[in-house]
Amino acid sequence: MKGLCKFIKSIAVVCSLLCALVFSLSFYVHFTVAENYKVYEGESLDFGTKIPVTAVYDNAEFSGLNTAKKTGSSFNVNLKLFGIFPVSSVKVDIVDDMYVAVLGTPFGIRLYTDGVLVVEVSDVDTEKGNVSPAKMAGIEKGDIIITINGKKVLSNEDIAKIIEQSNGQPLTVKFKRNDSFLTTQLTPQKSAEADKYKAGIWVRDSSAGIGTLTFYSPGFQVVAGLGHGVYDSDTGVLMPAVGGQLVGADIFAIEKGKAGSPGELKGRFNSSLIASLEYNCQMGIYGTILGSMRVGDLIPVALKQEIVDGPAKIICAVDGNGPKEYSCEIKRRFKTDNDGIQNMIIKITDDRLLDLTGGIVQGMSGSPIIQNGKLIGAITHVLIDDPTKGFGIFAESMLETAQSVADEKALNEAS
């Protein structure tokens with residue numbers, strides 16, 4: 001009897017350990033496999049996990065090789081650990097090969113905001129002492145003022161004129177904070193020194209900078225660059241673009257990067273007009289091409305599961321002689337795209353580029369990354385402590401955004 005009890009306890013311990021192992025592995029798979037994947041018609045789907053994961057569709061194993069699904073189809077597959085234990089479900093889209101013209105050219109950004117961005121809230125020097133009308137109204141640094149008394153405000157001049165002509169009467173201000181729209185009453189106060197009404201608000205209505213163009217999609221007539229959004233330097237808020245331009249730029253100097261101090265490409269805008277700015281978002285800057293663009297051969301965009309750790313190349317223009325290829329290495333490709341724009345870690349290995357820039361510097365954001373003849377992504381950020389390394393975004397994600405820009409523009413033109 002005692003022997004049977006020991007045997008049962010041993011079995012219970014083994015079962016508990018197996019359950020814990022399955023749970024741990026399931027947890028690993030859940031957080032390393034993305035929620036959606038693209039696959040070309042007739043090709044297999046590899047999740048790149050270190051442990052066996054089976055994709056099951058319609059009660060049969062899905063590899064992609066023998067599926068009846070055609071380009072344009074979307075469906076869900078269930079993932080099973082070792083082909084037995086259910087883990088999660090992912091969406092699969094069957095797609096055509098995606099081709100773009102790779103660029104790597106510097107460009108200038110002129111961005112005009114949708115509303116005005118509050119960059120500072122201050123006091124007004126009245127005859128009765130310092131007061132802050134903006135603070136009393138609940139307006140904070142980082143808020144985006146959309147309308148005052150129902151009138152759209154798009155510039156510093158717009159808001160200054162309305163406040164100065166208020167005669168101290170309350171103004172109804174509609175503003176955006178994060179993803180919420182709020183309304184408040186703002187009562188300007190007369191400045192004793194300036195002898196005019198003020199609200200104690202410092203705002204910004206535009207932004208400009210230098211970056212690198214990643215690709216041009218002839219199918220969408222959209223050019224994409226930067227790989228990350230344009231953010232206000234004082235507030236860290238994504239600039240709410242309502243319009244702008246992408247123009248040509250010339251690099252005239254390089255501030256070399258070093259540990260603890262990121263470098264910079266110094267450039268100036270030139271007279272060439274590339275595109276109208278349509279969208280500023282976390283994934284980069286997107287514009288509709290103006291006129292025509294001369295492009296070379298088109299190359300395919302890699303799906304995220306095709307990217308592997310190892311040698312690659314980046315394309316950038318840093319010496320004034322146009323875009324050139326430089327060697328780099330993919331040190332780590334994150335399995336999912338939940339990291340936003342930090343999808344992989346890149347290390348510059350080309351001595352020529354290291355001698356010129358020290359690695360990745362400001363202005364190189366958007367530089368295309370090529371691996372195995374495909375565009376896999378773009379440079380987004382440098383690691384401050386090691387300028388030879390930085391982050392990159394998936395090209396697949398950027399192309400999805402470019403398609404959304406083209407679709408929205410077509411919808412607006414049709415309405």
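**Note on the pocket, the salt bridges and selected residues**

1. The volume of the largest pocket is about 540 Å³. This is a predicted model, in which local features need pLDDT of at least 70 and side-chain atom pairs count only at pLDDT 80 or more, while totals for chains, interfaces and linings use all residues. Residues are numbered from 1 along each chain as its sequence is written, and side-chain values use heavy atoms, with hydrogens and water left out.

2. The pocket terms are as follows. On a 1 Å grid over the protein atoms alone, a pocket is an open set of points where a 1.4 Å probe fits, with protein on both sides within 12 Å along at least five of seven lines; lining residues have an atom within 4 Å of a point. Grid points are joined across faces, edges and corners, and the volume is the space filled by probe spheres set on the points.

3. The lining of the largest pocket comprises 28 residues, and I210, L226, H228, Q362 and G363 lie nearest its centre. Two or more lining residues come from each of β7 (106-121), β16 (201-217), β19 (264-281) and β26 (374-383); strands are DSSP runs of E with at least two residues, and helices are runs of H or I with at least four, numbered from the N terminus. Strand β16 gives the largest share, five residues.

4. By residue class, the lining of the largest pocket divides into 15 nonpolar, ten polar and three charged residues. Here Ala, Val, Leu, Ile, Met, Phe, Trp, Tyr, Cys and Pro count as nonpolar, Asp, Glu, Lys and Arg as charged, and the others, Gly among them, as polar.

5. The whole structure holds 15 salt bridges, each a side-chain nitrogen of Lys or Arg within 4 Å of a carboxyl oxygen of Asp or Glu. One of them joins D114 to K152, with the closest N and O atoms 2.7 Å apart. Because D114 lies in strand β7 and K152 in strand β11, the pair ties together parts that are 38 residues apart in sequence. D114 is partly exposed at 28% relative accessible area, and K152 is partly exposed at 37% (buried means under 20%, exposed over 50%, partly exposed in between, with a 1.4 Å probe and protein chains only).

6. How exposed or buried are K304 and E396? K304 is buried, at 2% relative accessible area, and E396 is buried, at 3%. These two residues form a salt bridge whose closest N and O atoms are 3.5 Å apart. K304 lies in the loop between β21 (299-300) and β22 (310-316) and E396 in helix α5 (residues 395-414), so the pair ties together parts that are 92 residues apart in sequence.

7. N149, in the loop between β10 (144-148) and β11 (151-152), has a positive phi near 50 degrees although it is not glycine; N149 is partly exposed, at 49% relative accessibility. N178, in the loop between β12 (171-177) and β13 (180-186), also has a positive phi, of about 55 degrees, and N178 is exposed at 69%.

8. K174 lies over the face of F181, at 5.4 Å from the ring centre; the criterion is NZ of Lys or CZ of Arg within 6 Å of the ring centre and within 35 degrees of the ring normal.
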